[in-house]
Amino acid sequence: MSTTAEYTNIMVCTDCYFAHHYGVVEHEGKFYAGESDTPADCKPLGLCEGAELTDNTDENGEGYDEFSMRACQGCGSRLGGSRYRLAYWG
Ligand SMILES: [Zn+2]
């Protein structure tokens with residue numbers, strides 16, 4: 001994690017990344033990010049409520065981790081998978 005005066009970079013899972021771009025649907029106590037049919041492990045972006053987030057990936061693959069076991073910084077999920085970089089303004 002790197003920090004500047006304005007924002008903090010966080011690495012989030014696919015569910016959080018989709019939730020950031022496409023929103024989250026709650027159905028019977030489970031959360032679905034974007035158009036996904038698979039419930040998210042944890043409430044997407046549940047750790048970032050109230051914060052302003054912006055996409056901080058770029059087209060060169062910077063800010064994208066194809067596979068990581070690190071806990072998602074958006075929801076706390078420890079499932080392995082892709083991680084995307086978001087700027088956390090707060
Ligand atoms: Zn997540």
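Helices (H or I, at least four residues) and strands (E, at least two) are DSSP runs, numbered from the N terminus. By that definition Glu28 lies in the loop between strand 2 and strand 3. The model shown here is a predicted one: local features need pLDDT of at least 70, side-chain atom pairs count only at pLDDT 80 or more, and totals for chains, interfaces and linings use all residues. Residue numbers start from 1 along each chain, following its sequence as written.

The protein has 1 helix and 6 strands. Read from the N terminus, these elements follow the order β-α-β-β-β-β-β. The radius of gyration is 12 Å, close to the 12 Å that the globule rule gives for 90 residues, so the protein is as compact as a globular protein of that length. Here the radius of gyration is taken over C-alpha atoms, and the globule rule is 2.2 Å times the number of residues to the power 0.38. Along the principal axes, the C-alpha atoms fill a box of roughly 40 × 30 × 20 Å.

Burial is judged by counting C-beta atoms, which are placed from the backbone: a residue is buried if 20 or more others lie within 10 Å of its own, exposed if 12 or fewer, and partly exposed in between. Of the 90 residues in the protein, 33% are buried. Contacts use C-beta atoms placed from the backbone as well, and two residues are in contact if these lie within 7 Å. Among contacts with a separation of 6 or more, 64% join residues 24 or more positions apart.

The buried ones are Thr14, Asp15, Cys16, Tyr17, Phe18, Ala19 and His20. Their cover includes strand 1 (7-13), strand 2 (24-27), strand 3 (30-33), strand 4 (52-55) and strand 6 (81-89). After the helix comes Gly23, with a positive phi near 85°.

A nonpolar core is a set of buried Ala, Val, Leu, Ile, Met, Phe, Trp, Tyr and Cys residues joined through C-beta atoms within 7 Å. The largest such core has 20 residues, and those with the most contacts inside it are Val12, Cys13, Cys16, Tyr17, Cys75 and Leu86. At least two residues of this core come from each of strand 1, helix 1, strand 3 and strand 6. In soluble globular proteins, nonpolar side chains tend to be buried together.

Leaving aside its neighbours within four places in sequence, Cys16 is in contact with Pro44, Leu45, Cys72, Gly74 and Cys75. Leu45 belongs to the loop between strand 3 and strand 4. Leu45 counts as buried because 26 C-beta neighbours lie inside 10 Å. Gly46 lies in the loop between strand 3 and strand 4. Gly46 is partly exposed, with 17 other C-beta atoms within 10 Å. From C-alpha to C-alpha, Gly46 and Cys16 are 8.7 Å apart in space and 30 residues apart in sequence.

Most residues other than glycine have a negative phi. Leu45 has a positive phi, near 60°. Glu28 has a positive phi too, near 50°. Glu28 is exposed, with 5 other C-beta atoms within 10 Å. The turn that holds Glu28 belongs to a hairpin formed by strand 2 and strand 3, with 2 residues between them. Two strands pair if DSSP finds at least two bridges between them. Strand 2 and strand 3 pair in the antiparallel sense over 4 bridges. In one of these, Glu26 has Phe31 of strand 3 as its bridge partner. Glu28 and Ser77 are 49 residues apart in sequence, and their C-alpha atoms are 20 Å apart.

Strand 4 includes Asp55. With 13 C-beta neighbours inside 10 Å, Asp55 counts as partly exposed. Apart from its neighbours within four places in sequence, Asp55 is in contact with His20 and Leu86. His20 is one of the buried residues of helix 1, and Leu86 is among the core residues with the most contacts inside the core.
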